[in-house]
Amino acid sequence: MSDLGLDAASSDVRDHPDGIVRVAVHGEVTEDRVRAILGAIRRVAESGRDVLVLADARHMGPVSAPARKAVTEEMRGARVDAVALIGASFSMRVVVTLLAKGVQMLTGRHYPQQFFDTEGEAHTWLLARRDALRAGRGPGTPE
């Protein structure tokens with residue numbers, strides 16, 4: 001892990017020694033928050049690291065329309081290798097799934113994502129994705 005200044009970039013983003021970027025949003029998801037979070041994630045990709053994101057949705061509030069639009073705009077040029085989400089409500093799962101499908105349609109790139117009940121399960125899945133990437137299999141390749 002290199003110091004990319006992610007912790008200072010957004011209070012919602014933490015870079016951990018295991019190479020996984022942890023995102024936790026408490027409250028409403030606004031356009032500014034989305035742009036800050038995805039800017040931090042873009043710096044990880046630009047550094048050449050695998051982009052593995054563990055998103056904690058347990059305290060996440062509603063996602064505003066401008067925030068949803070910002071996700072589609074920011075993700076067009078972003079590389080994300082895998083996203084594991086924990087604690088997402090049914091409605092949050094629907095929103096995230098629809099956003100991911102929309103981004104995939106716009107970019108032609110697959111963004112592997114999975115929903116989990118526990119951080120341990122999510123962490124294990126992300127490490128397996130990392131191992132698959134390092135073994136030469138690309139994102140979206142069945143394990």
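The buried residues of helix α4 are M92, V96, L99, A100, V103 and T107. Here, buried means under 20% relative accessible area, exposed means over 50%, and partly exposed lies in between, with a 1.4 Å probe and protein chains only. Seen down the axis of α4, these buried residues fall within an arc of 100 degrees, so they line one face of the helix. The arc is that of the directions from the helix axis to the C-beta atoms. On the other side of α4, F90, L98 and M105 are exposed.

The model is predicted: local features need pLDDT of at least 70, side-chain atom pairs count only at pLDDT 80 or more, and totals for chains, interfaces and linings use all residues. Residues are numbered from 1 along each chain as its sequence is written, and side-chain values use heavy atoms, with hydrogens and water left out. Helices (H or I, at least four residues) and strands (E, at least two) are DSSP runs, numbered from the N terminus.

Helix α4 covers residues 90-107 and has 18 residues. From its first C-alpha to its last, α4 reaches 26 Å, close to the 26 Å expected at 1.5 Å a residue. The expected span is 1.5 Å times one less than the number of residues in the helix. G108 follows α4, and its phi is positive, near 75 degrees. What do the buried residues of α4 pack against? They pack against β5 (60-63), α3, β6 (82-86) and β7 (113-116). Contact means heavy atoms within 4.5 Å.

The strands come next. An open sheet of 5 strands has the order β1-β2-β4-β6-β7, and its pairing is mixed. Two strands pair if DSSP finds at least two bridges between them. Each of β1 and β7 stands at an edge with a single partner strand, so one side of each is left without a neighbour in the sheet. From one strand to the next, the twist averages 20 degrees.

Strands β4 and β6 run parallel and are joined by 5 bridges. Within this pair, A55 stands opposite L85 in β6, and L52 stands opposite A82 in β6. Strand β6 also pairs with β7 in the parallel sense, over 4 bridges. There, F115 in β7 is the bridge partner of L85.

Helix α4 touches β6 and β7, and its direction makes about 170 degrees with that of β7. Helix α5 (residues 119-134) touches β2 (20-24), β4, β6 and β7. The direction of α5 makes about 175 degrees with that of β6. Axes are lines fitted to C-alpha atoms, for helices over the stretch in contact, and angles run from 0 to 180 degrees between N-to-C directions.

Is β6 mostly covered or uncovered? Strand β6 is mostly covered, with 5 of its 5 residues buried. Both of its faces are covered. A82, A84 and I86 are buried on one side, and V83 and L85 are buried on the other. G120 lies in helix α5 and is partly exposed, with a relative accessible area of 45%. The C-alpha atoms of G120 and I86 are separated by 9.6 Å, although the two residues are 34 residues apart along the chain.

Charged side chains were also examined. How many salt bridges does a search of the whole structure find? The search finds 13. A salt bridge is a side-chain nitrogen of Lys or Arg within 4 Å of a carboxyl oxygen of Asp or Glu.

One of them joins the side chains of R49 and D15, at 3.0 Å from N to O. R49 lies in the loop between α2 (31-46) and β4 (52-56), and D15 lies in strand β1 (residues 13-15), so the pair ties together parts that are 34 residues apart in sequence. Both R49 and D15 are buried.

Another salt bridge links R35 and E74, with the closest N and O atoms 2.6 Å apart. R35 lies in helix α2 and E74 in helix α3 (residues 65-75), so this pair ties together parts that are 39 residues apart in sequence. R35 counts as partly exposed, at 28% relative accessibility. E74 counts as buried, at 13%.

D56 and R58 form a further salt bridge, and their closest N and O atoms are 2.6 Å apart. D56 is buried, with a relative accessible area of 15%. R58 is partly exposed, at 48%. Elsewhere, salt bridges that share partners join E31, R35, R42, K69, E73 and E74 into one network.
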